[in-house]
Structures are given as C-alpha cells and as structure tokens.
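Dear colleague,

Please find the structure below, together with its sequence.

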Amino acid sequence: MPNPLNVIEIILVEPSHPGNIGAVARAMKNMGFQRLTLVKPKYFPHPDADARAAGADDVLQQARVVETVEEALKTAELVVGTSARVRSLAWPTKTVRHWVDSLTNIPLPRSIAVVFGAERMGLTNEQLQKCHCHIQIPADPEFNSLNLASAVQLVCYELRQGLLNVSLESIDASSIKANNGELEGLFQHLEQILYDIEFINPKQPKQLMPRLRRLFLRAEPDKQEVNILRGILTAIEKLVLTR
Ligand code: SAH
C-alpha cells in the first residue's frame, strides 16, 4: 500500500554545515520520511554528513541536489515555509501542530514541500513569499531559533503523528491543485501585464506583487482556475498590443 508519508519532501535551502545535512537525514528516517532535496548545499557529499546520518545513508544517497529554490519546488502542490521569526508582510502562519491537523481534514495533495532555511539567516522574504503558509515551532519567544536538524526533527515528528493513519483514499487522486511551477508562471505573467498596463509604477513597485501572491496562494487555486486566469491575462495582453 502506498505510504502517506511519501507525499512529504523536506527541502533545505543552502545549508552550510554538512553535519546538519546528515543529522536531518537521520531525523527524517527516524520518523519514516525519505524524500530530501538540497538547494545549493555548501558542502555535499561530505564525510561529516555521512557520520551524522548514522545509518540514514540511503536518505543522503537518494537526496536530490538542485541549484535553485524554483527548481526544488516546481512540482509541489503545497509549499510551506518554516520560520522562527514573523516577517514584515504577515503571511498565513500556523504552529506545526495546527498545520498538520489542518492537513488531515483535506484531501492530501500528492506532493507537499516543507522548506527550511540556512543556519545563519533562515529563509529570505522572497523565498517565504513562494509558500502557501508558514509554520512555526512555538519555542520560548526569548530564544526561539532551533538548530536546523532539531527543527526538521520536530516537524517530522508532528507529521508522522498526523499523517501515518491518514487513509490513502484521501490523497487527491484527481490532483486538481496547481503546482508551484504553474503558480510561478501565473505570477510572472500577471506582473508583466501589470507593468504593460502601467498599473505598477516601475519606480515604486511597492508591495503589490507580494500582496497579490499572498491573495492567490491563500486561495490555493486548482489547475483549471490558473488556466482561466492565464487566459484572461493573454486576452488583456492582445488588447494592449493592438492598441
Ligand atoms: N537565524 C535564523 C534561523 C535559522 S535556523 C532566523 O532567525 O530566521 C535554521 C532553520 O531552522 C530556519 O530557517 C527554519 O527553517 C528552522 N527553524 C528554526 N527555528 C524554528 C522555529 N522556531 N520555527 C520554525 N522553524 C524553525
């Protein structure tokens, strides 16, 4: 029987310590997760990663290594970013447990990417704005930034408790949700049209695109809805070009 835990993909963005990569692989395997993607790791493969994986070498060997966050997220139908800090433009944010609870009430998307930032700086605002929602581990507010592998461990623990017994029927077989690549295509198209019709002032783009991203991501549109919006944008484009 297919395993509901396999819908989860853990993505590490630019990890700098190979030991942490190994510790993440071990944390994942302890909780039954296999799919690891590394975006531009500073050192990988590396003996420190092997040493800290302590038996989770298979997770390291199967890890996908990519150059960009866009490439890592392309086929994910649900993208969640992890962050200890609240950022300037507030995004829908849940604690890990609430997020996992919310997953058990909906048809499970076929691919869910959980994105973790680099040890020193975490995820950038731009990376966080690619996510449907943000999740936080509610630690002591005075000292809430966990070690990368510890954060992965806690998130994987909660996901295991929540998803292990989810019936596979609840995986969304029709896969109607638009994936990240399709959504990024929509955002680029929309931004282009908003410049063409001079709705965005190139000298002062302000927070318009992040706000529109937040609106569309909150709606979690399906493929057909994204196609309709792309069609509308193409019609506007034609009209603008013939003016
Ligand atoms: N100094 C960085 C934190 C880096 S910790 C910052 O302030 O953003 C490395 C990564 O571990 C983070 O990018 C995040 O993915 C995860 N992490 C650490 N603490 C977390 C917390 N309390 N909640 C959610 N994710 C956390």
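Two strands are said to pair if DSSP finds at least two bridges between them. Helices (H or I, at least four residues) and strands (E, at least two) are DSSP runs, numbered from the N terminus. The model is predicted, so that local features need pLDDT of at least 70 and side-chain atom pairs count only at pLDDT 80 or more, while totals for chains, interfaces and linings use all residues. Residues are numbered from 1 along each chain as its sequence is written, and side-chain values use heavy atoms, with hydrogens and water left out.

Strand 4 (residues 78-82) pairs with strand 7 in the parallel sense over 3 bridges. Within this pairing, Gly 81 has His 134 as its bridge partner in strand 7. Strand 5 (residues 93-95) also runs parallel to strand 7, joined to it by 3 bridges; here Thr 95 stands opposite Gln 136.

His 134, which is found in strand 7, counts as buried because its relative accessibility is 8% (buried means under 20% relative accessible area, exposed over 50%, partly exposed in between, with a 1.4 Å probe and protein chains only). Its side chain reaches the backbone oxygen of Leu 128 at 2.9 Å. Not counting residues up to four places away in sequence, His 134 touches Gly 81, Trp 91, Pro 92, Thr 93, Lys 94 and Leu 128, where contact means heavy atoms within 4.5 Å.

Leaving aside neighbours within four places in sequence, His 189 is in contact with Arg 230, Leu 233, Thr 234 and Glu 237.

A pocket is an open set of points, on a 1 Å grid over the protein atoms alone, where a 1.4 Å probe fits, with protein on both sides within 12 Å along at least five of seven lines; lining residues have an atom within 4 Å of a point. About 440 Å³ of space lies in the largest pocket, the volume being the space filled by probe spheres set on the points. Its lining has 25 residues, and Ser 83, Ala 84, Gly 122, Ser 145 and Leu 146 lie nearest its centre. Strand 7 (133-136) and helix 7 (148-163) are the elements that give two or more residues to this lining, and helix 7 gives the most, with 3 residues.

Yours sincerely

Technical notes:
A polar contact is a pair of N or O atoms within 3.5 Å; within protein, one must be able to donate a hydrogen and the other to accept it, and residues adjacent in sequence count only if both atoms are side-chain atoms.
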